[in-house]
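Subject: Structure for you to look over

Hello,

Please find the structure below, followed by notes on what was found in it.

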Amino acid sequence: MRTIYFKRMMLPAMVLFSSLLISCGEDDGPKEPEVLLPNLDGLYVYGSSTVAAEPGGAASKINLAILDPGQGAQVEGMEGVFGKFIHIGANSTINFAYVSGGEGVVYGADGGGSLDSANTVGGVINDKVIHGTLVQDADPINVTNAGLYYVFVNINTESFTLMEVKANMIGDATELQWSAGTALAMKSSDKDKTVFEGTGLALTGATGYRYRFNDGWHVYSDETIVTLSSLGVPSYGDAWDSGINDLGFYLENIPHKETGIFTVTLTYTASTGEWEEVKTKTGDLENDYSSLEIGWFGNAYLVDGAEPAGQWETVHLVKTPTKDLKLYNWSWTIELIEGRSFVLRDPDGTVWITYGGAAKVGGAFDDEDIIKEDGQDNYFVITPGIYEVTFTINSEDDGRTLTMERTTQFPDYSDKEYGIFGNAYYVDGTTEGAWEAIHHIKTPAKDGSKYNWTWTLELIEGRSFVFRENAENGEWVTYGGAAKQGEAFTSELIIKEDGQDNYYVATGGNYDITFTINAEDEGRILNIVPAQ
């Protein structure tokens, strides 16, 4: 370890003593001066054309890196893991100094470090970074480009990463939504502050967004260490209400209220370590949403009384809006499942309406029947049931509103058509059915919350059948698809077909058949008895 030198007043005496040695003895050549290290434990960065020419003071000190508390070790910081934004000039060299327990080490890197893709060195950003292993008294680390850098150092593994910061804006407010970031060019950078700016940006009102760096959410990520490197606010709701976006390394999205064309300026101030934004509206923007398709995505809803295939893979119940002056409205009556989550989105995945992506109106939100999913920006169902849902975009200001009301209304099956399918019955006279078409199709009679489809049919012994809804991708009512009642089942006149889920006619004859759906609980019952 290198001994720390505390008093600069000792240097003249050392120089004089060295001169006497040189005059009296053999000339050993020039020696590099010792680095005067601070006496306060910590990690420091210093070098040419950067925050400090030598270690010491707040400018050169590196604090613990801010980590994502929802990932990795799920902590906000870790001993020995440091991170800092600093300006570095063009063609500079830097070193790290680490002081612990009264002794210090000066670190460089063999060959001045390497420039590689971040993905090869533990990073998860779309860029190259300067990186390497920390080596005591090795060559200073080379930095070619001037700009703002994020310095990440893990003293525990003696490794470092330098990322040249390239800022972008991403989220519901931007034209690219969450699919990609909108770049903010670096306008200026020096030791005091760095300014990024984007002009002519079309932003959508009543939405959320984030700032992130180099097209990535984390500069470094492994099983225990996950850096938090995107800017949000402590609370979306509080920021919306106050109109103040207090930027920092938070997980909540930043609100944006007004639709239009904007100049966005993002500034980092070195003395405070704070990020600030200024959004200046420079023009109006009005969008036509007539052809925008929006549907449901997740696992919290039923489609035609059943959970659909492709949950969290496919968008369901997709529709285009109705227009009322400048309001575009998408509306659904939908049954939601307790303890599940959802979002609304378009089929292409470019428009996502997450919990923070729209204003929330209606009793479902007021009564907390629908809340924000823990750790996600999804809608989470606390209270199951039927909901009236309307998503609205106001094209004048691009404001987005999701209105949800829970209702006791049950599904209406009045227009549902069901029939019989198979070869165990006669279509007309002596013409037998076949596995080609649905026959004896009818709509139900309603009795309270129960819908009843009834038939009197002659069933053919040794044949099989099922019931089917007469609709594209309609429901199949197989042997296991409904509760079974009546003498035909209790006396085993109708049984399950061997190796299939069909109804099998063990004893032919005339039968009275009633298929019932109870809209209150979605229960299905099939009652078959011999005809009198």
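Tyr 479 and Tyr 503 are both buried, where buried means under 20% relative accessible area, exposed over 50% and partly exposed in between, with a 1.4 Å probe and protein chains only. This is a predicted model, in which local features need pLDDT of at least 70 and side-chain atom pairs count only at pLDDT 80 or more, while totals for chains, interfaces and linings use all residues. Residues are numbered from 1 along each chain as its sequence is written, and side-chain values use heavy atoms, with hydrogens and water left out.

Aromatic pairs

Rings of Phe, Tyr and Trp (its six-membered ring) pair if their centres lie within 6.5 Å; planes under 30 degrees apart count as stacked, over 60 as edge-to-face and the rest as tilted. By this rule there are 37 aromatic pairs. In one of them, the rings of Phe 365 and Tyr 379 have centres 6.2 Å apart and planes at 50°, so the pair is tilted. Phe 365 belongs to helix H3 (residues 363–366) and Tyr 379 to strand S29 (residues 379–381), 14 residues apart. Helices (H or I, at least four residues) and strands (E, at least two) are DSSP runs, numbered from the N terminus. Phe 365 and Tyr 379 are both buried.

The rings of Tyr 479 and Tyr 503 also form a tilted pair, because their centres are 5.4 Å apart and their planes stand at 50°. Here Tyr 479 is in the loop between strand S39 (476–477) and strand S40 (483–485), whereas Tyr 503 is in strand S42 (residues 503–505), 24 residues apart. Lys 484 lies over the face of Tyr 479, 4.4 Å from the ring centre. The charged end of Arg 468 sits over the ring of Phe 421, at 4.6 Å from its centre. The criterion is NZ of Lys or CZ of Arg within 6 Å of the ring centre and within 35 degrees of the ring normal.

Strand S25

All five residues of strand S25 (residues 341–345) are buried. Ser 341, Val 343 and Arg 345 point one way, and Phe 342 and Leu 344 the other. S25 pairs in the antiparallel sense with strand S21 (residues 294–298) over four bridges, and Trp 296 has Leu 344 as its bridge partner. Two strands pair if DSSP finds at least two bridges between them. Two bridges also join S25 to S29, again antiparallel, with Phe 342 opposite Tyr 379. Strand S26 (residues 352–353) pairs with S25 in the antiparallel sense over two bridges, and Arg 345 stands opposite Trp 352. S25 and S26 form a hairpin with six residues between them, and Gly 349 in the turn has a positive phi of about 80°.

Nonpolar cores

A nonpolar core is a set of buried Ala, Val, Leu, Ile, Met, Phe, Trp, Tyr and Cys residues joined through side-chain atoms within 4.5 Å. The largest has 38 residues, of which Phe 85, Tyr 211, Phe 213, Leu 266 and Trp 275 touch the most other members. Strands that each supply at least two residues of this core include S4 (81–88) and S19 (260–269), and S19 gives the largest share, four residues. Ring pairs link Phe 85, Tyr 150, Phe 196, Phe 213, Phe 249, Tyr 268 and Trp 275 into a cluster.

Regards
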